Amino acid sequence: MGIKIKDQPFYIQSTAVLFGLILLVYVMAQLADILIPLAFAAFLSILLNPLCNWFEKHKIPKGWSILLSMLIAVAVVTGVFYFLSTQIIQFGDALPALEKKFASITLNLKEWVFANFNITIAKQDQMIKEALRNSQGMVGKTLNGLLGTLSIIFLLPVYIFFMLLYKTLILNFIYEVFAEENSKKVSEVLKETKGAIQSYIMGLLIETTIVAILNSSALILLGVKYGVLIGCIGALLNLIPYLGGIIAIALPVLMATVTKDGFSTQVGVIVAYIVIQFIDNNILVPRIVSSKVQINALMSIIVVLLGNQLWGIPGMFLSIPFVAVLKIIFDRIDELKPWGKLLGDNIPTVRITERLKNTRRRKAILPE
């Protein structure tokens, strides 16, 4: 007779769950090169599925429908990159002058540190070299993440094509894995997952476009050079929840410091970005991005950091939609509903202990 885990003491159950999570994380880390492209392909396949279905309804064969959908997506991405590349070329032409000005500012800063803290310039250079040496591991990890992202780009079209081609086969497999009495729940989970991912990715695209326009407009009005390029980069960094927006502020502030005298422009940039972040977090994200599944801020930050630790830069982008899918599943399984509530942003107004006390009090008042 087999021993059921749920019949064991709590410490045995928790240990079994912990070992299971450790094994899962280890496998995901070891198979990152395979799983990351598959994860991106799955999300993008769900996004392109309505367009593919539209072509099929208009009597276009399935294979050609998939190819046409992918070509439209590639054309849009190519247009965006072409626009950014023209801005990068202009930035590259002015790079020598910017480097010269940056070197002058750095020298003035070193002299100020020497005058106020009595740290010689040679000592400062040594400290900077040591800091750079210590950060080589982080830089290497970032470069590996970027190279991994580039490899994803080449694998994505293949994965997306076959996922859309074998969509019916994959869905039938998912239904057949579970018992027939659970088919209704499985259908609800799949439907909500598809809607949540489509809403999330489309919402991100719209939000990124709006933030790029706001960033670029603010920087152009403030007279920051290459405002369009820096504004678009800031919007892309903003895809990293909560943390990316903070990093994005450093780029225009640095550019203003290098190209302008005084500090009024830097202050203007900080104020403008704070206003844009307020609009983004309180208007755009709740109404555009988080329309289907809402993850609270604390969990968002934690899962983004965990995603970065597990899969680097791709993990940061995949973490939120992945957790959104988990929340949909948790909300459908009774034993996992508390975890779904923990991930959500609905804050209870009454503690459960107070609710239990009120229940006991009412039972004591009622006559037997």
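Me: What is the mean pLDDT of the protein, and what share of its residues reach 70 or more?

Reply: This is a predicted model, and its mean pLDDT is 78, with 79% of the residues at 70 or more. Confidence is highest in helix α2, at a mean of 88, and lowest in helix α14, which covers residues 352-365, at 64.

Me: Which elements make up the protein, and in what order do they run?

Reply: The protein has 14 helices and 0 strands, and from the N terminus on the elements run α-α-α-α-α-α-α-α-α-α-α-α-α-α.

Me: Why are helices α2 and α8 called roughly perpendicular?

Reply: The axes of α2 (residues 32-57) and α8 (residues 183-222) cross at roughly 90° and come within 9 Å. Angles of 65 to 115 degrees count as roughly perpendicular, and α2 and α8 are therefore described as roughly perpendicular to each other.

Me: Which residues make the contact between these two helices, and how do they divide by type?

Reply: On the α2 side the contact is made by F43, I46, L47, N49 and P50, while α8 contributes K194, I197, Q198, I201 and M202. These residues divide into 7 nonpolar, 2 polar and 1 charged. Lys counts as charged, and K194 is one of the residues that α8 brings to the contact.

Me: Where is K225 found, and which residues does K225 contact beyond its neighbours within four places in sequence?

Reply: K225 is found in the loop between α8 and α9, the latter covering 227-237. Leaving aside its neighbours within four places in sequence, K225 is in contact with I230, M255 and T259, where contact means heavy atoms within 4.5 Å. K225 and A256 are 31 residues apart in sequence, yet their C-alpha atoms are 7.6 Å apart in space.

Me: What share of the contacts with a separation of 6 or more comes from residues 24 or more positions apart?

Reply: Such residues account for 67% of those contacts in the protein.

Me: How much of the protein is buried, and what is its accessible surface?

Reply: Buried residues make up 29% of the 368 residues, and the accessible surface comes to about 24700 Å², of which 70% belongs to carbon and sulfur atoms.

Methods. Residues are numbered from 1 along each chain as its sequence is written. This is a predicted model: local features need pLDDT of at least 70, side-chain atom pairs count only at pLDDT 80 or more; totals for chains, interfaces and linings use all residues. Side-chain values use heavy atoms; hydrogens and water are left out. Axes are lines fitted to C-alpha atoms, for helices over the stretch in contact, and angles run from 0 to 180 degrees between N-to-C directions. Angles under 35 degrees count as roughly parallel, over 145 as roughly antiparallel, 65 to 115 as roughly perpendicular and the rest as oblique. Buried means under 20% relative accessible area, exposed over 50%, partly exposed in between (1.4 Å probe, protein chains only). Accessible areas come from the Shrake-Rupley method with a 1.4 Å probe; for residues, only the protein chains shown count as cover. pLDDT is the predictor's confidence in each residue, from 0 to 100.
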